[in-house]
Amino acid sequence: MRIGGKKGLKQRPEYFRLDATHPLARDLVFAGLGFMGSNKPTIYHDSVSELRGIMAANHGTLTNMDPGTDWVWVQELGRWGLDIDATNDKVLCGTSLLSSASAFSMGAWFKLNSTTGLHVILGRHSAIVHGVILVTSGTNLAVPINSWPDNDTIYAAGLTTGTWHHGAVTQSGTNQTLYINGTAVNTRTNADTPTIPAAQFCIGEFASYTGVWPLNGQISDPFVADRALSPSEISILADRSDPMLGGLILPPRRRLWGAVSVTTNRRRRLLLGAAV
């Protein structure tokens with residue numbers, strides 16, 4: 001997001017807020033929205049015990065990455081993103097995400113430098129138990145469940161290098177839908193329920209094994225929810241002209257005091273700050 005300043009420079013805001021009444025805030029468990037942070041992406045996470053008293057509320061750790069060069073401004077999207085080097089860059093996000101995968105949504109903006117081979121965007125997976133991942137295979141977006149490849153993997157073609165795409169998958173019970181750029185492109189009505197491995201949720205690669213299907217490109221606005229988002233909600237996330245996501249993100253403002261106020265509602269959805 002572009003913040004005012006001398007000569008119109010983009011400044012890193014001290015923190016942003018989320019509108020807890022927005023539909024997309026319901027059952028939101030993870031978001032790296034705009035990747036506003038210094039040495040870690042800024043994360044919204046609905047674990048109150050983890051957030052209480054923590055100013056930055058960072059629940060994703062940049063691994064093998066340099067914030068000075070890997071945190072990049074994405075002009076096409078009007079927001080920040082991360083550059084993933086196709087070698088060992090990743091963001092590790094702990095083991096609480098997708099701990100129960102009977103209903104979930106996840107997705108992100110991504111840009112590929114290459115369509116050769118496989119590139120993990122995000123997911124909960126290991127080299128032994130794949131769980132569920134959003135991955136590119138050549139020019140296809142795919143969602144393998146529990147193993148790769150298998151008959152339960154859904155695909156959709158149309159990816160190109162050098163272009164920002166939004167990819168997302170939703171699942172409720174055995175019903176699974178794959179989206180590209182906000183449009184449903186493939187569905188299954190008999191999808192498996194993912195077997196969740198012990199490995200951490202990870203962005204940009206497998207969590208436990210360096211060099212296994214690393215992303216070669218950039219990623220922005222990863223998003224995980226504990227329910228299947230509706231098509232209209234996915235379309236909000238995939239609207240490149242709206243980095244505020246239909247009002248989910250409230251305008252950032254400068255922190256003028258030493259602590260960030262945290263407000264909860266009945267469902268313990270949070271308005272939080274992110275230090276830089």
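Mentor: Start with the ground rules. This is a predicted model, where local features need pLDDT of at least 70, side-chain atom pairs count only at pLDDT 80 or more, and totals for chains, interfaces and linings use all residues. Residues are numbered from 1 along each chain as its sequence is written, and side-chain values use heavy atoms, with hydrogens and water left out.

Trainee: Why is the contact between Arg26 and Asp27 called a salt bridge?

Mentor: The rule asks for a side-chain nitrogen of Lys or Arg within 4 Å of a carboxyl oxygen of Asp or Glu. Between Arg26 and Asp27 the N to O distance is 3.5 Å, so the pair meets the rule. The rule gives five salt bridges.

Trainee: What makes Asp27 buried?

Mentor: Buried means under 20% relative accessible area, exposed means over 50%, and partly exposed lies in between (1.4 Å probe, protein chains only). Asp27 has 13%, so it counts as buried.

Trainee: And how do you class Arg26?

Mentor: Arg26 has a relative accessible area of 41%, so it is partly exposed.

Trainee: Which residue forms a salt bridge with Asp27 at 3.9 Å?

Mentor: Arg227 does; 3.9 Å separates the closest N and O atoms. This pair links distant parts of the chain, 200 residues apart. Arg227 is in the loop between strand 16 (216-225) and helix 3 (231-237). Asp27 is in the loop between strand 1 (15-18) and strand 2 (28-31). Helices (H or I, at least four residues) and strands (E, at least two) are DSSP runs, numbered from the N terminus.

Trainee: How do you know that Arg227 and Glu233 form a salt bridge?

Mentor: Their side chains meet at 2.8 Å, N to O. Arg227 has 9% relative accessible area, so it is buried. Glu233 is at 10%, so it is buried too. Shared partners join Arg26, Asp27, Arg227 and Glu233 into one network of salt bridges.

Trainee: Now the sheet. How do you know that strand 8 and strand 15 pair?

Mentor: Two strands pair if DSSP finds at least two bridges between them. Strand 8 (residues 118-124) and strand 15 (residues 201-203) have three bridges, in the antiparallel sense, so they pass. Leu122 has Ile203 in strand 15 as its bridge partner.

Trainee: What is the order of the open sheet?

Mentor: Its seven strands run 3-6-15-8-9-10-11, with antiparallel pairing.

Trainee: What makes strand 3 and strand 11 edges?

Mentor: Strand 3 (61-63) and strand 11 (154-157) each have a single partner strand, so one side of each has no neighbour in the sheet.
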